[in-house]
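Reader: Hi! Could you walk me through this one?
Author: Happy to, here it is.

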Amino acid sequence: MTTHTMNPYDTAVAQFDDAAERLGLSQAMRAILHKPKRELIVNFPVRLDNGDVKMFTGYRVQHNITRGPAKGGVRYSPDVSLDEVRALAMWMTWKCAVVNIPFGGAKGGVICDPYTMSAAELERLTRRYASEIALLIGPDSDIPAPDMNTNPQVMSWIMDTYSMHKGYSIPAVVTGKPLAIGGSEGRVEATARGVMIVAREAMREAGIKPEQCSVVVQGFGNVGSISARLMAEMGCRVIGISDVSGGVYNPKGIDIHHALRHAKEHGELRGLRGTENISNEALLELPCDILIPAARENQLTPSNASRIQARLIVEGANGPTTPEADYIFNQRGITVIPDILANAGGVTVSYFEWIQDLQHFFWTEPQVNQQLEAIMTRAYHAVRAKAYEQQVSLRMGAYLLAVSRVAEATELRGIYP
């Protein structure tokens, strides 16, 4: 996939600084919101299946907890770094604020390659990591969720480890769990459903009809594959999709259900019948109405921004667009729906799951989707109105809304002591 050397934390700070400048935040408020509240680095041993012991490094960062408990995923990747986790925690703060749910931002990660580890090794790694960060997490303090290369099973192990330490079951300590142990209906699809909802609202405003709309999706994990399916179900023509192996393209449209079966059977999209193989770089530059980058950070950069042919970019991933690329898109009249709005469906339904766990009362999937629809639609139009009022991009509109909400809460609470 396209790579860029920009540090994701530098991107997050640059975006915040721009919003703070426009809002006229005081020096004190900028200083408070600029830095994460807590950063925990843990180094811990895991016994491998062959009997060897290997040391792993993990992180948990809480950026801000002024508006409620910290909320954020846990990712497993060889590329995890403290600065990446810091950036993701800051973005989570703004994401929760932009959809106006009572959470602050956090993020966690372990430097590992889960594709080279057995299920037993991943369980031992997860349980040890959970025990190391147990002093920070909890249903009233910090609630982890799935992220890159983690899933409901990983959340089950974290929940069980934390509960065993306490001596009783505490399902609300994590979200994104299986239904059998307190998960929520609709959680698996939530992030992608949020992407679809904001894309639909933007299409309506731009006068783009689904049956006349072509879509390209980069990334075919949870968010990318479900986004592709939901966009196709809405009537759009999905012409390009990709995973780590590369992309596939068919200008007449791709059968997403067939693509899902192919990916499951072959472990990759390449070779999908009725498509031609293309690189991830070429996929991003395909002519289309909507581009959904749903892979990882720094995919749309100054090196390719001038060649992007989409009318609308909907950020399914966190931080896929660098500030320099953003500037180019603004100059070219390409609308970008920012990550802190576009992919906030996941944390919104995580909020619903947390509420259900605390109340021991569970909702049906139509209830979950109805509430998600209401929150995402309201948030999109609030961001749109703010951007129009200030004559700025949707990203800046989202940041102005989110940062002002966190700043107001901080001002009201004051500085202790």
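Author: Let's begin at the start of α1, where a side-chain oxygen of asparagine 7 reaches to within 2.7 Å of the backbone nitrogen of tyrosine 9. Before going on: this is a predicted model, where local features need pLDDT of at least 70 and side-chain atom pairs count only at pLDDT 80 or more, while totals for chains, interfaces and linings use all residues. Residues are numbered from 1 along each chain as its sequence is written, and side-chain values use heavy atoms, with hydrogens and water left out.

Reader: Thanks! How many residues does α1 have?
Author: Helix α1 covers residues 8–23, which makes 16 residues. From first C-alpha to last, α1 reaches 23 Å, close to the 22 Å expected at 1.5 Å a residue (the expected span is 1.5 Å times one less than the number of residues). Helices here are DSSP runs of H or I with at least four residues, and strands are E runs with at least two, numbered from the N terminus.

Reader: And which residues of α1 are buried?
Author: Among them are Tyr9, Val13 and Phe16, where buried means under 20% relative accessible area with a 1.4 Å probe, protein chains only. The cover over the buried residues of α1 includes α2 (27–34), α3 (82–98), α10 (323–332) and α14 (394–413).

Reader: Switching topic: what's the strand order in the open sheet?
Author: The order is β1-β2-β4-β3-β5, 5 strands with mixed pairing. β1 (38–47) and β5 (142–146) stand at the edges with a single partner strand each, so one side of each has no neighbour in the sheet.

Reader: How many bridges join β1 and β2?
Author: There are 10, in the antiparallel sense; two strands count as paired if DSSP finds at least two bridges between them. Proline 45 has methionine 55 in β2 as its bridge partner. In the hairpin of these strands, glycine 51 takes a positive phi near 95°.

Reader: What about β3 and β5, parallel or antiparallel?
Author: β3 (residues 70–77) and β5 run parallel, joined by 5 bridges. One of the pairs is glycine 73 with alanine 145 in β5.

Reader: Last one: which residues have the most contacts inside the largest nonpolar core?
Author: Trp94, Ile241, Val314 and Ile337, in a core of 88 residues. Such a core is a set of buried Ala, Val, Leu, Ile, Met, Phe, Trp, Tyr and Cys residues joined through side-chain atoms within 4.5 Å. Its largest share, 10 residues, comes from α14.

Conventions: Buried < 20%, exposed > 50% of the residue type's maximum accessible area, 1.4 Å probe, protein only. Contact = heavy atoms within 4.5 Å. Polar contact = N/O pair within 3.5 Å; in protein donor to acceptor, adjacent residues only side chain to side chain.
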